[in-house]
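Subject: Handing over the structure

Hi there,

Here is the structure I promised to pass on to you.

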Amino acid sequence: MSQRIAFAASRADVAQTARAALVTRYGDVPPDEADVVVALGGDGFMLQTLHATQHLRAPVYGMNRGTIGFLMNAYSETDLRERLAAAEEAIINPLSMLATRADGSTVQALAINEVSLLRSGPQAAKLRITIDNRLRMAELVCDGALVSTPAGSTAYNYSAHGPILPIGSEVLALTAMSAFRPRRWRGALLPKTAVVRFDVLEAEKRPVMAEADAKSVLEVVSVEIRSEPSVAHHILFDPGHGLEERLINEQFT
């Protein structure tokens, strides 16, 4: 029985052209009727697609029509059904962010890659770090800090000199950006079950923003981050090119 495919594409011309060619060849159904969603674009669009389809039963198979494509498979117009049938599935849980703003309002969001706090003024941020209700660092002076999932550990986390995490490691990376005090502090590895809280010190003088993937929240005074096991993203990869292999290979390039 043929799989029913829903095609989604970024607004880039190359992605839209690919979508048109694939729809002509394989047909197209609405995402809520699909057996699989095929996302055409780069990693940013793949994250958008995963968020948009997290309530659906269909897994997502990405084909690279963007720039980086770490979460994507190679693009080809031929043998798509065969590739889908042979694909390996990776299941990842996102992070949940609860950000409290200076006016007392709160914002909740999910992040597949990372939740980051970044200074939004000319002065370095001052953050207090509490993990599972236990104070771990009274003051971190830095440009920012983030908590990353294994799936997101090669993205912003890696650029900030954080560790690459194996996909099945059941840990999170807490990584600092340009830490000034403690000098050159890079962060910590935490169990996946940890609840991480950042409190912004001197928030008026040293404003901080929070980001969960592409969702930004300005003027935060505290941010609580935890893994969200109730949400599972199902991603398909060509055999031998799954997340575990890519995360290992990234450490030798």
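Below is what I found, going from the whole chain down to single residues.

A word on the ground rules: this is a predicted model, in which local features need pLDDT of at least 70 and side-chain atom pairs count only at pLDDT 80 or more, while totals for chains, interfaces and linings use all residues. Residues are numbered from 1 along each chain as its sequence is written, and side-chain values use heavy atoms, with hydrogens and water left out.

**The whole chain**

The protein chain has five helices and 17 strands; helices (H or I, at least four residues) and strands (E, at least two) are DSSP runs, numbered from the N terminus. Its radius of gyration is 19 Å, close to the 18 Å from the globule rule for 253 residues, so the chain is as compact as a globular protein of that length. That radius is taken over C-alpha atoms, and the rule is 2.2 Å times the number of residues to the power 0.38. Along the principal axes, the C-alpha atoms fill a box of roughly 60 × 40 × 30 Å.

Of the 253 residues, 49% are buried. Here buried means under 20% relative accessible area, exposed means over 50%, and partly exposed is in between (1.4 Å probe, protein chains only). Take the contacts (heavy atoms within 4.5 Å) between residues at least 6 apart in sequence: 66% of them join residues at least 24 apart.

The chain exposes about 12,200 Å², with carbon and sulfur atoms supplying 50% of it. Those areas come from the Shrake-Rupley method with a 1.4 Å probe; for residues, only the protein chains shown count as cover. As for charge, the mean positions of the 25 positive and 29 negative charges lie 8 Å apart. Lys and Arg count as positive and Asp and Glu as negative, without His and the chain ends; each charge is placed at NZ of Lys, CZ of Arg, CG of Asp or CD of Glu.

**Salt bridges**

The structure holds 13 salt bridges, each being a side-chain nitrogen of Lys or Arg within 4 Å of a carboxyl oxygen of Asp or Glu.

- Arg-4 pairs with Asp-35, their closest N and O atoms being 3.2 Å apart. This pair links distant parts of the chain, 31 residues apart: Arg-4 is in the segment before β1 (5-9), and Asp-35 is in the loop between α1 (13-26) and β2 (36-41). Arg-4 is partly exposed, with a relative accessible area of 36%.
- Glu-219 pairs with Arg-101 at 3.8 Å between the closest N and O atoms. Glu-219 lies in the loop between β15 (215-217) and β16 (220-227) and Arg-101 in strand β5 (residues 95-101), so the bridge ties together parts that are 118 residues apart in sequence. Glu-219 is partly exposed at 49% relative accessibility, and Arg-101 is partly exposed at 22%.
- Arg-206 pairs with Glu-202, with 2.9 Å between the closest N and O atoms. Arg-206 is buried at 11% relative accessibility, whereas Glu-202 is partly exposed at 37%.

Salt bridges with shared partners also join Arg-4, Asp-35 and Arg-57 into one network.

In helix α2 (residues 43-52), the buried residues are Asp-43, Phe-45, Met-46, Leu-47, Thr-49 and Leu-50. Their cover includes β1, β2, β3 (60-64) and β17 (233-237).

Arg-83 sits in helix α3 (residues 80-86) and is buried, at 14% relative accessibility. Beyond its neighbours within four places in sequence, Arg-83 is in contact with Tyr-61, Met-63, Asn-73, Ala-74, Tyr-75, Ser-76, Thr-78 and Asp-238. The C-alpha atoms of Arg-83 and Phe-237 are 8.8 Å apart, although 154 residues separate the two along the chain.

**Backbone details**

The peptide bond from Arg-181 to Pro-182 is cis, with omega near -5°. Pro-182 is in the loop between β11 (171-177) and β12 (187-191). Ser-178 is also in the loop between β11 and β12; its phi is positive, near 50°, in a residue other than glycine, and Ser-178 is exposed at 53% relative accessible area. Glu-170, in the loop between α4 (156-159) and β11, has a positive phi of about 60° although it is not a glycine. Glu-170 is partly exposed, at 48% relative accessibility.

Best wishes
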